Amino acid sequence: MVSVRLENIVKKFRDVVAVNGVSLEIKDKEFFVLLGPSGSGKSTILNIVAGLEPPTSGDVYFDDDLVTHLPPEKRDVAMVFQTYALYPHMTAFDNIAFPLRVRKYPKEEIKRKVEEVAEMLRIKHLLHKKPYEMSGGERQRVALARAIVREPKIFLLDEPLSNIDAKLRVYMRAELSRLQKDLKVTTIYVTHDQVEALSMGDRIAVIHQGKVMQIDEPLKLFKKPATLFVAGFIGSPPMNFFNCTLEEEGDKYFLDAGFFKVPLDEEFFNTLRSRATGKELVLGVRPKDLIVRRERPPTDGAFEAEVYAVEPLGTETILNLRVDDNIYKAVVEPDFRASLGEKVVACIDLNRSHIFDRRTERAIV
Ligand SMILES: Nc1ncnc2c1ncn2[C@@H]1O[C@H](COP(=O)(O)OP(=O)(O)OP(=O)(O)O)[C@@H](O)[C@H]1O
Ligand SMILES: [Mg+2]
């Protein structure tokens with residue numbers, strides 16, 4: 001039974017603020033993901049939970065116990081690092097067995113446990129090898145096995161799948177997430193890969209410049225991004241953004257993006273006006289929700305664009321549409337035929353769009 005609570009954690013490295021006031025609560029048995037771009041402060045947060053770095057200010061609790069100043073060996077956490085740290089002179093078997101030997105487990109039990117976890121991570125054939133005889137991905141799996149075998153209070157995993165090839169990674173994603181549910185160990189998992197985060201996390205904290213942007217369940221993050229950053233970071237291909245202004249002309253209301261206008265009814269216009277800090281907004285449309293047609297529809301909310309590139313991916317095709325110097329992406333049926341330079345019409349459905357305040361960068365509907 002361990003929950004983890006971070007209270008207003010700040011970490012400065014001289015003039016760099018790596019973590020800038022992070023408060024989080026990770027529930028007992030939860031698979032919690034820290035997701036963010038490179039340099040956003042994810043590893044620093046994890047190191048603070050592990051006790052490898054002291055925070056500049058703020059506190060860490062495991063359940064109701066204050067652990068901010070407890071050394072790592074007293075925290076009973078197992079960490080897998082971004083760069084795998086194996087004992088170079090030991091075989092994979094001995095590396096994995098090490099934490100059990102330290103705890104004086106009987107020999108037979110050590111053998112059984114090591115083989116069980118090796119089976120799970122598909123590394124049985126590597127058990128007699130030393131780290132220099134293994135590839136990066138193989139070493140990473142051995143490091144994972146070593147963390148799993150000792151059944152700690154908390155798992156801290158820092159991009160443990162980053163060196164593994166794409167196919168094995170997809171397999172390992174599901175295995176790890178299943179394993180965590182079976183072991184019921186509170187887990188904090190760091191990644192910059194949104195697919196990994198969405199597929200594995202019970203909840204995800206999106207981190208940007210040392211701050212928490214949003215904490216939510218995977219689908220909620222995708223469907224209701226709270227900020228422009230989250231909207232642009234989650235989802236592939238990324239959301240299209242159109243700068244626009246909120247306008248009224250007599251009894252007509254619309255969002256004006258310059259090269260197209262989206263009509264609004266009066267009620268919605270009033271909602272936007274009351275929630276926004278000004279007229280400057282950003283309309284966000286996911287590529288799947290940007291509808292491509294050959295002909296201009298009779299209604300507003302559409303713009304003409306030139307087909308700039310076509311990416312057939314098998315299950316879907318991504319059209320890159322050019323307007324002036326901007327490229328927008330639309331997902332179309334896999335058998336959609338388009339030639340480069342061809343003119344098409346892209347249509348916006350307000351019911352499938354997101355609207356942000358350009359000044360605060362926060363979602364307003
Ligand atoms: N020991 C250190 N000394 C000085 N600056 C550091 C140190 N560790 C991290 N930083 C800085 O703190 C910021 C956050 O780094 P951190 O390693 O936490 O990012 P990250 O989100 O894990 O990135 P990545 O995805 O690339 O691993 C970065 O600007 C980094 O340069
Ligand atoms: Mg990192």
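This is a predicted model: local features need pLDDT of at least 70, side-chain atom pairs count only at pLDDT 80 or more; totals for chains, interfaces and linings use all residues.
**Stop 1: helix α1.** Select residues 42–50, which form α1. The helix is mostly covered, with eight of its nine residues buried. To see them, pick K42, T44, I45, L46, N47, I48, V49 and A50. Note that K42, a lysine, is in the buried set. Now step past the helix to G51. G51 follows α1 and has a positive phi, near 90 degrees.

**A word on the backbone.** Most residues other than glycine have a negative phi, and most peptide bonds are trans. The remaining stops look at phi and omega.

**Stop 2: K29.** Go to the loop between β2 (16–26) and β3 (31–35), where K29 lies. K29 is not a glycine, yet its phi is positive, about 70 degrees. Is K29 buried or partly exposed? K29 counts as partly exposed because its relative accessibility is 35%, which falls between the 20% and 50% cut-offs.

**Stop 3: K104.** Move on to the loop between α2 (92–102) and α3 (107–120) and select K104. Here too phi is positive in a residue other than glycine, with a value near 60 degrees. K104 has 72% relative accessibility, so K104 counts as exposed; the cut-off for exposed is over 50%.

**Stop 4: S236 and P237.** Which form does the peptide bond from S236 to P237 take, cis or trans? The bond is cis, with omega near -5 degrees. Display both residues and check the torsion in your viewer. P237 sits in the loop between α8 (228–233) and β11 (240–249).

Technical notes
Residues are numbered from 1 along each chain as its sequence is written. Chains are lettered from A and ligands numbered from 1 in the order in which they are written. Side-chain values use heavy atoms; hydrogens and water are left out. Helices (H or I, at least four residues) and strands (E, at least two) are DSSP runs, numbered from the N terminus. Buried means under 20% relative accessible area, exposed over 50%, partly exposed in between (1.4 Å probe, protein chains only).
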